[in-house]
Every structure is written in structure tokens, then in C-alpha cells.
Amino acid sequence: MTAVYQTIAAAQAATITEPRCYLMDRKAYMVKAGTNPSHALKFQSVGGQWWEPEWHGEALVEWGGAVVGDDEANAIDNRTAIQNVINYVEFKGGGTVTFGPGIYCSNGLVVDEPGVVLRGCRPTDTWRPSEGGDMHGTILRVISTGGDGIRLKASECDVVNIAIYSGEERAAMPYGGTRNGIRLEADDSPGMRVTSATLHNVLVRDQPGNGVMFAGLGVSNTMSHVTAIANKGHGILFDGGDHTARVNKDRPGIIEVVQARTTDNDGHGICVGHPSTGTNGTVPYRVNLVNCEAYRNAKSASVRHQASNHYLVGENITMDHCAASGYTTDELKPNPDLSALWLAGVDIRVEGNRLLSSKNPIVRIGSVSGLTNRDIRIAGNRSINNGDPADYFVQVSTGGPTTYGLMVLDNGGDGGGDGYTNLLQTVSPVTGLVTVESDGVWRFDHVEVNRTLTFKMAEATAAQLASATSAINTVGKYKSKLCFVTTANAFVVAAGNGPSASWRYSDGSIAYNPS
């Protein structure tokens, strides 16, 4: 037998003889508890009997008294109600907190214990109340001016099928690195970490901080189908703790990002690392970006680290089958002058992507203090020609250290032709450079070299040398140790330095002698 009550107040005023009861306003079946439970989802009926929710691994947010609103004017703060349900699930050792469709106003939620899943009804990708979007999803409207919408401080926690946006006062706040939509960061103590967390079908927009932020030590975290729109920080950020001024900074790593979309963020679309990561030992590692889309990001020079859509600094970073644009709607910089990518670090792979051209180089290789640039491969990418081609597809930027092992292979145009004029510009030294154009011909005629370079390459075969028909006649303009004779399909090496150097084939015969 089950007693039914309209409200929890009615049940508190009743003498309940049945072994269980149902609270209509809480959508909860309640069972007898032997003693006073140490959680907030309880009540005491007449006669002193304690009751708590019947537990089967899932708790509705209504169990705590959460109220669903149907428009942006709803300002009822559900934080305490929802937080009580989260705490109850933690008390039970983990489980699912379920949100129904509609708008839930809240001042920020925190998950402290492992094994908690926050699950809603999937929102549309661009939903915003003023746009009259789909009301069937779960929308968390954050009405506080400080703090995060959701913070995961423990491992093995998930956020699924939830949209997060800001109330009017929060959306009007200036940029703040700790006012994020979702923040994955453990307490600031040695060894504390967030591992095996998952974000799936999540939309975050209009936050005064970052859309999603991973900060500090974390391993094996996954994001899929995550959208970050119009946030005043970065769309998605992976950081060792610089943004939140952690005392115990550490490396986030083994991160998978699949089918994420970032657009119209003031910071970078995806930001991996921080300008100080090389010196404080917090460089991210093993970050894999797959089939992600980014455009119109890096709108604010005061937020972004570099003039680029994405900022990728770390070790073992892969960007595969993604689309990124160097264009922006920055009111202070109306011209399309952003790079699609800015890279620095060790073992970085940018392969098979679609990159929109801009007036700056499409891909920039820069430098971070204390971090070596080594083994960078940029291959099989396609650039779009919108009638405003970039000067260079790849630029090794000014002022950096030597880059060891750079491969720029099989990159080309898409549709109307190349989205760049020259393949590569090396302003800082490069050792171990290989370039191959999209037609498969090895060449350097699209390369401008401004510093002395030493290349490690196989020399041309005898058959290639025999077919030489012309030599380099602009050797004085360059300071490279090796150049390529395009018509001969052969390499020549400088015997000496500067404009007086002669150029020779591998058998020692002279290809060009300025004297």
C-alpha cells in the first residue's frame, strides 16, 4: 500500500501507517528510514517517523523541490534544491541526477564526490530564450554574477544533455576566468585531480568566463558534441591552473574532444595551454581534437593569447578532420587578420583539416618560454580561397627558438584554388625541414627563408642530377644551406655562406657559382 499526498507539508502533518508514500509535488516515492538520515531529502511525519526517497540509482531534481520555469523571467533560485539532490546522490555512493525539460534557474552547482551524472533532455545547438528556440531541452540559467554554472571537482562524473546560459546580470559582467559555464577542477591540494569525466551533448553560451574549462591535474577526460557560443573567455580551455591561479599547478592530459563547435567567443575557440605553461611544468599532453568546427573566435585582443582562432600549446597534440577559420567579427579589427591556428610544443600533428585563409599566415608556429618546438607535422590540410589568400600557409614566427623536425606535406587548395600565396615562411631557425606540395613535387620555390637553416634530407639521385636544366640564380637573396632546383627536380647544397657561396650537386659538380 502507498499513501499519496499532494505536498510534502501535507505528509509532514499526517500520521502515515503505510510502508511508503508518494509526494506529488516532489515526484518522489518515500520509504521509512530507521533513524534521522544525514541528508536534506527527508521529512518527519506525525509520531516521529523519518522518511527518505526510495533509491534505485536515479534522483529527480524535483525531489529537492526544484521548480521548472517556462521563460526567462523566471528568477526562482533552484540552487539549494538541486544541490540537495546532488548531495543525496553523493551520499548514496553515486548515481544519476535527472533534469526534466524546461528552464532551471540556479546560482551554480558543485559535484564533490565521484560517480555522479547530471543528465537532462538534449537541447538544440543554438538555443537562447530570446531566439524562441526549442523548449523541450534542459536549460540551466545561471543567475549568479560570480562562480561557475557547474563545477565538477571529482572523478568519474558526467554532464549530459544540458544547455547552460547566463541570466541578464551575469551576461553583462566583464570577462572573468572563474565565471565559467562548466569547470572541471579539483580542490587546490597536492595530487587532487579530475579523471574519467565526460561532457556529452552540452551547450554553453553567454558566460562571462570560459564556456568549458579543464584546469589543473586531470587524466582521461572526454568531450563529445559540445558547443560553446558567445562566451567572454575561451570557448573550450585546457589549462594547468594559470587561469584560476592554482598553487598546485599540474598537467591536464589524455583528453579527447570529438565534434565540438566553438563560435563567436572573445577568446580562442579551443585553447590548449597557457603562455607560461613551458616554465611552470603544466603543459597539456595527449590532447586529441577530432571533427571539430570553429569560426569567428578570438574576437578580443585582451582575452586571446595570440591572434588566432585556436591556440595549441603542449605535447602530443593532434588536430584531425577539423574546420577552423582565421576570420573574426572583432569590431576593433574589422579586417580578417587572424590565423586559424597558433602552435608551439612537441609532437604536434595537424592533419586532414579544412582551414579558412586570412591575411595572416593560416598556421603560425610560435614559441613559449621553456618549451622546445620539436616534431611538428602539418599535412594533408586544405585551405579555402575566398579571394583574399593568406601570404603564407605556415609561418615560423619571429623571435622563437629553433624548431626541430618540421614537416609541411601535401597541403593545398580547396575548390577555387589555394588559399595562400606561399607555402612557408621561416623567420626563426628550423632544423630538419621537409616540404611537399599537394601535387607531390618536392620543392622550395614557395619558401621564403630569412635565416640560416640546416636541413637533413637525402640528396638527389644521379638520374635527377642528369636532368638538371637550370640552376638557382637568386642564391644571394637566401641564406639557406639547401635549395631545390624545380626544373631539375634536384637538391643543391651551398658550399659556404652568404651571397658568395657556390651551389653544388651531390657529386660535387657546380650548379651555380656567383663568381
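Predicted model: local features only at pLDDT ≥ 70, side-chain atom pairs only at ≥ 80, totals over all residues.
**Close-up 1. The nonpolar cores.** The largest nonpolar core comprises 86 residues, among which L118, I182 and L199 touch the most other members. Helix α2, spanning residues 79-91, gives the most to this core, contributing 6 residues. A second core of 11 residues is separate; among its members are C271, V283, A344 and L371.

**Close-up 2. S224 in strand β18.** Residue S224 lies in strand β18, which covers residues 218-229. The relative accessibility of S224 is 16%, and because buried means under 20%, S224 counts as buried. Apart from its neighbours within four places in sequence, S224 is in contact with L199, H200, N201 and V258. Of these contacts, L199 is also one of the residues that touch the most other members of the largest nonpolar core.

**Close-up 3. The open sheet of 5 strands.** The strands follow the order β1-β2-β3-β5-β4, and their pairing is mixed. Strands β1 (2-5) and β4 (43-44) stand at the edges; each has a single partner strand, so one side of each is left without a neighbour in the sheet.

**Close-up 4. Pairing of strands β3 and β5.** Strand β3 (residues 28-33) and strand β5 (residues 50-53) run antiparallel and are joined by 4 bridges. M30 stands opposite P53 in β5.

Key: Residues numbered from 1 in each chain as written. Heavy atoms only, no water. Helix = DSSP H or I, 4+ residues; strand = E, 2+ residues; numbered from the N terminus. Buried < 20%, exposed > 50% of the residue type's maximum accessible area, 1.4 Å probe, protein only. Contact = heavy atoms within 4.5 Å. Core = buried A, V, L, I, M, F, W, Y, C linked by side-chain atoms within 4.5 Å. Pairing = 2+ DSSP bridges.
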